[in-house]
Structure formats: structure tokens, C-alpha cells
Amino acid sequence: MTITPQPGIMDIALYVSGESRVEGRSDVLKLSSNENPFGCSDAARAAFLRAAQDLHRYPNTDHAALRRAIGQVHGLDEGRIICGVGSDEVLQFICQAYVGVGDEVITTEHGFSMYPILARAVGAVPVTVPERERRVDVDAILGAVTDRTRLVFLANPANPTGTMLPEAELRRLAAGLPSGVLLVHDGAYTEFAGDFDGGAALADDFANVIMTRTFSKIYGLGGLRIGWGYAAREIIDVLNRIRQPFNLSEAQMAAAEAAVRDRAFVARCQAENAKWRDWLRNALTQMGIGCDESYANFVLARFADADQAAACDAALKAEGIIVRRTGGYGLAECLRITVGDEAACRRVVHVIATFMGVR
Ligand SMILES: *Cc1c(COP(=O)(O)O)cnc(C)c1O
């Protein structure tokens, strides 16, 4: 007898996160993980430090104050919200609760790399459907549904493409799926997409839609590890059964609550992101580098080919700038660049322009 892991687990390729270091440089500009260039809200940091007084106490198990704050800010029923250790944990609850060995989970060609990992972790088979020009293709998803399909993962806006499904297409997808197939609408980048509810109305109208959200992006709290999900009460009740009672610390919850209530900080980050995202895209396209309109806090720069993307990445690294290679997403000719503050955007454009020989 040998000790054997469960089916699927040995098929998992480890998640590769954005790099953060360049050998021999202290002035590194990290634009590889879609972090907020402005950090987090001062109120969130203060709440976190206050919570340090009570580290000997177990946290509350129902996350009531945080769910109330999220519910109030977004106009949602707090009884239909679940909080997790990043939205990644909520996605994990969903797979654990609803997907099993041999089931199929649909993801898309350039979809977020956590989705196949989460599917395989429960022994399921990730089924990847093509996109059209880096845009999610609703018909391809609907055409891939079989009687083994349990779940569809969709990040909207998408990572790493930054593209977004129009509301009507999103509705067509939800309406076209069998009622026994879950649609997980990952809204990690919702706040950068302008006037968009992140899929909340969709989760109100369809009993098989779950919206997930995170504190890691616009709130600048990637290190805190908090995300949440919103769905029909029946689904949230199921997910709560497998959630560890103490999955979130008081310090995490207090910081997240302060963050979600600080709307001025969010508004400022939204405005800065929109301004510099447009500027960055414009600068890239003027150099002849392809760049779709982005609805997130990054842009995807499309070079002539994989070699040119690799060479530009090397040129950026030599100047202490780290961006994200996207070969693992089927986009070897691209680099994903987080929208930083003004100085960061100017610095990255300066290096790329020198690389392209257009200055
Ligand atoms: C960053 C990101 C998340 C957020 O994950 P957390 O676990 O909440 O930090 C979720 N989905 C996508 C597509 C992302 O890019």
C-alpha cells in the first residue's frame, strides 16, 4: 500500500504568482499582480492596528458586522453573503460543495489560472472553451455543456485580457445554462469597470448564479486575504456548512469593514485608474503595440510575437520593472501590465518606447 492523493491532485500545475524581485535592484516597480498603487485606505490600516489589542480572542464566527457593512454599501441582503480568505476561498467552497470526481467544470481559453486548479483539487475535469479575439464566447460555453457539467467559471472583467462581456451577453449565458449548472461570476475587477454591479442583479434573478468579489484589488488589501460571495440563500447556507468557523480573524474583518465604508478612497482609486489606464493604452497603441480596451486595473500589451514580448520583458526587468508574462494563459505574445500611479505609468512607457525604438 502506498499513500496516494485523491484523483486530480497530482494533475495540478502549481499556481505561478507575479514576480516581486529583480536581482541587485532596490528600486523595483512591481506591476505584475494588479495591486493598488495607492495602498489601502488609512481607515482600514487603523482598524487593523486597533484589532491587534485583542489577538488572544477568537474571532466571531458569523462575520455579521462585515456582512452588514458590505450589504449596506452595495444594497444587498447580508443574509446572502459569505466571506472567505480571499475570493479564492469562496471559489474553493463552491467547488468542494457542488463538484465531484469526474464532473466537468467549464473555463475559457484565457481564463484565470486558479479555475483549473480548483476543479482538479476536487477531482473534476476542467473543460476549456475557445474565446474570440480574447473575448469570452457565450456560444462556445453553452456548446460545451454536457450532462457532466456542474459549473462555469467566468471572470468579468476578465484576467489577464481585461475584456468584458456586455450585460446582454452575460444574461444570455445565465439564461442558456441548464438550471443545475452553476455560473460563478468572478467580479474581482468590478470596481474598475465603471457603472457595473459585478453580477449582483444576475445573482438575484438566477438561482444558479454566484457572484464573487474581493478586497485584494481596488481596496488594496491583497495581503489581508478577504473576499466574499453573494448568491441565493440556499447556496450560501450550503457553503457555510463547509466554511471553517474561524476562517477570518477580527483584524481581517475590522480592516475590511473600514475599507468597504471608505467610499472616498475607492472613488479616488477608480478615477486615477481610469485616467492612467487610458493613457497607458493610448501610449502603447501609438507605438504599434496592440491593446484591447481594458475594464480592469491592468492592460494587456500585445507584441508582434512571443520573442518580442520576452525581449521587452527583459528590457523592463533590466530597468527594475516587473510585469506579468502571460504564456501560461495562451498569450505568449503579450505582457500584462498593472496600471500604477502616474510616475509608474510614465516609467513603464518610457522603457517600452526605448525598447521599441520610437523615442
Ligand atoms: C485577483 C483575482 C481574484 C482575487 O483573489 P483573492 O483570493 O480575493 O485575492 C479573483 N479572481 C481573479 C480573476 C483575480 O484576478
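## Ground rules

The model is predicted, so local features need pLDDT of at least 70 and side-chain atom pairs count only at pLDDT 80 or more, while totals for chains, interfaces and linings use all residues. Numbering starts from 1 along each chain as its sequence is written, and side-chain values use heavy atoms, with hydrogens and water left out.

Helices (H or I, at least four residues) and strands (E, at least two) are DSSP runs, numbered from the N terminus.

## Helix 2 against helix 9

Two packed helices are described by the angle between their axes and the distance between the axes. Here, helix 2 (residues 64–74) and helix 9 (residues 250–261) have axes that come within 9 Å and cross at roughly 15°. That makes helix 2 roughly parallel to helix 9. For the cut-offs, angles under 35 degrees are roughly parallel, over 145 roughly antiparallel, 65 to 115 roughly perpendicular, and the rest oblique. The axes themselves are lines fitted to C-alpha atoms, for helices over the stretch in contact, with angles from 0 to 180 degrees between N-to-C directions.

The crossing of helix 2 past helix 9 is left-handed, meaning the near helix is turned anticlockwise from the far one by less than a right angle (clockwise would be right-handed). On the helix 2 side, the contact (heavy atoms within 4.5 Å) uses Ala65, Leu66, Ala69, Ile70, Gln72, Val73 and His74. Their partners in helix 9 are Met253, Ala256, Glu257, Val260 and Arg261. By type, the residues of this contact split into eight nonpolar, two polar and two charged. The classes are simple: Ala, Val, Leu, Ile, Met, Phe, Trp, Tyr, Cys and Pro are nonpolar, Asp, Glu, Lys and Arg are charged, and the others, Gly among them, are polar.

## The buried side of helix 4

Helix 4 (residues 114–121) has Met114, Tyr115, Ile117, Leu118 and Ala119 as its buried residues. Buried means under 20% relative accessible area, exposed means over 50%, and partly exposed is in between (1.4 Å probe, protein chains only).

Those buried residues pack against helix 3 (86–98) and strand 3 (104–108), as well as strand 4 (125–129), strand 5 (149–155) and strand 6 (182–186). After helix 4 comes glycine 123, with a positive phi near 80°.

## Salt bridges

Side chains of opposite charge can pair when their charged atoms come close. Counting a salt bridge as a side-chain nitrogen of Lys or Arg within 4 Å of a carboxyl oxygen of Asp or Glu, the total is 21. One of them joins arginine 25 to aspartate 27, with the closest N and O atoms 2.9 Å apart. Arginine 25 is partly exposed at 30%, and aspartate 27 is partly exposed at 37%. Salt bridges also link Arg25, Asp27 and Arg347 in a network.

Arginine 132 pairs with aspartate 137 at 3.0 Å, N to O. Here arginine 132 is exposed at 60%, whereas aspartate 137 is buried at 12%. In helix 6 (residues 167–176), glutamate 167 and arginine 171 sit four residues apart, so about one helical turn separates them. Their side chains meet in a salt bridge at 3.9 Å, N to O.

## Alanine 315

Alanine 315 belongs to helix 11 (residues 306–318) and is partly exposed, at 22% relative accessible area. Leaving aside residues up to four places away in sequence, alanine 315 touches Val351 and Phe355. Valine 351 is 36 residues away from alanine 315 in sequence, yet 7.3 Å away in space, C-alpha to C-alpha.
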